[in-house]
Amino acid sequence: MEERKNIVLFVDDEPHVLSAIRRAVADEAYISEFVGSGCEALQIMDQRYVSVIVTDMRMPGMDGLTLLKIVREKYPGTVRMVLSGYTQLSQVLATVNQGDIFQFISKPWQMEEELLVSVRQAIDRFNLEKERDSLQEGLAQKNQAYLQIFRSMEQKLINEKRDLVSLKHI
């Protein structure tokens, strides 16, 4: 089975922020996508299976909270992160609670110690959840197969008992 490479989608309306992130993640083991708006992010997500989305909160058009709510609804397996300079407590709490956020990182951030480590952890979480789901699916299939075998054996036993009763009558 071919292993699919993780995709991390970075969303920020500030080109210099995306440029800094692009330089920092150039050597990372995942595929990085960069877009400047929530609408562009959703277009990418409609085309590709995104493992992690990292978004700014304050953007023109669609803000980060709206984007994260849509992502949670349409792509529940995608791990959601926020990278934002907007740190008003009420907005942070709303984002975390309504967007089911893995991590909220405040700007300015430490690239190596905060952002890259957090993205790697988010990818690990995504991969572990996918593996768990796959194992649960495999277990459910095996349980169904065992149930079929049990039913088949039960039917054979019923048939043998019936045949035994018939033989006694003969």
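Here Ala, Val, Leu, Ile, Met, Phe, Trp, Tyr, Cys and Pro count as nonpolar, Asp, Glu, Lys and Arg as charged, and the others, Gly among them, as polar. With that sorted, the lining of the largest cavity divides into seven nonpolar residues, one polar and two charged. Keep in mind that this is a predicted model.

**The cavity**

- Searching the whole structure turns up one cavity of 30 Å³ or more.
- Its volume comes to about 40 Å³.
- Phe10, Val11, Asp12, Val17, Leu18, Ile21, Val54, Thr55, Asp56 and Leu83 make up the lining of the largest cavity.
- Two or more lining residues come from each of β1 (7–11), α1 (15–24) and β3.
- Helix α1 gives the most to this lining, with three residues.

**Salt bridges between separate elements**

- Glu33 pairs up with Arg48, and their closest N and O atoms sit 3.5 Å apart.
- That pair links distant parts of the chain, 15 residues apart: Glu33 belongs to strand β2 (residues 31–35), while Arg48 is in the loop between α2 (38–47) and β3 (52–55).
- Glu33 has a relative accessibility of 18%, so it counts as buried, the cut-off being under 20%.
- Arg48, on the other hand, is partly exposed, with 33% relative accessible area.
- Asp46 and Lys74 also meet through their side chains in a salt bridge, at 3.3 Å from N to O.
- Because Asp46 lies in helix α2 and Lys74 in helix α3 (residues 64–74), this bridge ties together parts that are 28 residues apart in sequence.
- Asp46 is exposed at 52% relative accessible area, whereas Lys74 counts as partly exposed at 47%.

**A salt bridge between Arg132 and Asp133**

- Asp133 forms a salt bridge with Arg132, with the closest N and O atoms 2.9 Å apart.
- Asp133 is partly exposed, with a relative accessible area of 31%.
- Arg132 counts as partly exposed too, at 42% relative accessibility.

- Tyr146 is found in helix α5, which covers residues 111–169.
- Tyr146 has a relative accessibility of 56%, so it counts as exposed, the cut-off being over 50%.

Note on methods. Residues numbered from 1 in each chain as written. Predicted model: local features only at pLDDT ≥ 70, side-chain atom pairs only at ≥ 80, totals over all residues. Heavy atoms only, no water. Salt bridge = Lys/Arg side-chain N within 4 Å of Asp/Glu carboxyl O. Helix = DSSP H or I, 4+ residues; strand = E, 2+ residues; numbered from the N terminus. Buried < 20%, exposed > 50% of the residue type's maximum accessible area, 1.4 Å probe, protein only. 1 Å grid on protein atoms, 1.4 Å probe; cavity = no way out; pocket = protein on both sides within 12 Å on 5 of 7 lines; lining within 4 Å. Points joined across faces, edges and corners; volume = space filled by probe spheres on them.
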